[in-house]
Amino acid sequence: PSGLEFTRRDQTNTDGSFDILDVLPGAYILVGIDHGWEVNWRDPATLRRFLMKGLPLDLTAPGDRKETVEAQAP
């Protein structure tokens with residue numbers, strides 16, 4: 001977590017899906033958290049717990065992606 005440049009948060013669509021637009025090319029970790037608005041994102045130890053179970057993504061090639069992520073409990 002200390003190497004992360006920024007954290008982007010979003011809320012699901014009504015069907016539980018996400019549309020994340022305008023993502024710059026790069027390496028990411030995709031994480032789904034059930035009731036995640038209650039999570040302290042500024043605490044590296046808290047964030048590390050979720051990142052370790054996240055989905056690594058390499059978005060260097062342009063195009064649409066569809067990924068499935070299991071939501072983690074806070």
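The side chains of Thr 46 and Asp 43 are joined by a polar contact of 2.5 Å. A polar contact here is a pair of N or O atoms within 3.5 Å; within protein, one atom must be able to donate a hydrogen and the other to accept it, and residues adjacent in sequence count only if both atoms are side-chain atoms. Please keep in mind that this is a predicted model, in which local features need pLDDT of at least 70 and side-chain atom pairs count only at pLDDT 80 or more, while totals for chains, interfaces and linings use all residues. Residues are numbered from 1 along each chain as its sequence is written, and side-chain values use heavy atoms, with hydrogens and water left out.

Thr 46 itself sits in helix H1. With a relative accessible area of 19%, Thr 46 is buried (under 20% is buried, over 50% exposed, and partly exposed lies in between, using a 1.4 Å probe and protein chains only). Setting aside neighbours within four places in sequence, Thr 46 is in contact with Val 39 and Asn 40, where contact means heavy atoms within 4.5 Å.

Now for the overall picture. Helices (H or I, at least four residues) and strands (E, at least two) are DSSP runs, numbered from the N terminus. The C-alpha atoms fill a box of roughly 30 × 30 × 20 Å along the principal axes. Buried residues account for 18% of the 74 residues. Of the contacts between residues at least 6 apart in sequence, 58% join residues at least 24 apart.

Beyond four places in sequence, Gln 72 touches Val 31, Gly 32, Ile 33, Asp 34, Arg 49, Phe 50, Lys 53 and Gly 54.

Asp 34 belongs to the loop between strand S2 (32-33) and helix H1 (44-51). At 41% relative accessibility, Asp 34 counts as partly exposed. With residues up to four places away left out, Asp 34 touches Ala 71, Gln 72 and Pro 74. His 35 is also in the loop between S2 and H1, and counts as exposed at 55% relative accessibility.

Glu 67 takes us to the loop between strand S3 (55-58) and S4. Here the residue is partly exposed, at 34% relative accessibility. Again leaving out residues up to four places away, Glu 67 touches Leu 30, Leu 55 and Leu 57.

The table pairs sequence separation with C-alpha to C-alpha distance for three of these residues.

| Pair | Apart in sequence | C-alpha to C-alpha |
|---|---|---|
| Asp 34 and Glu 70 | 36 residues | 9.2 Å |
| His 35 and Ala 73 | 38 residues | 7.5 Å |
| Glu 67 and Phe 18 | 49 residues | 9.8 Å |
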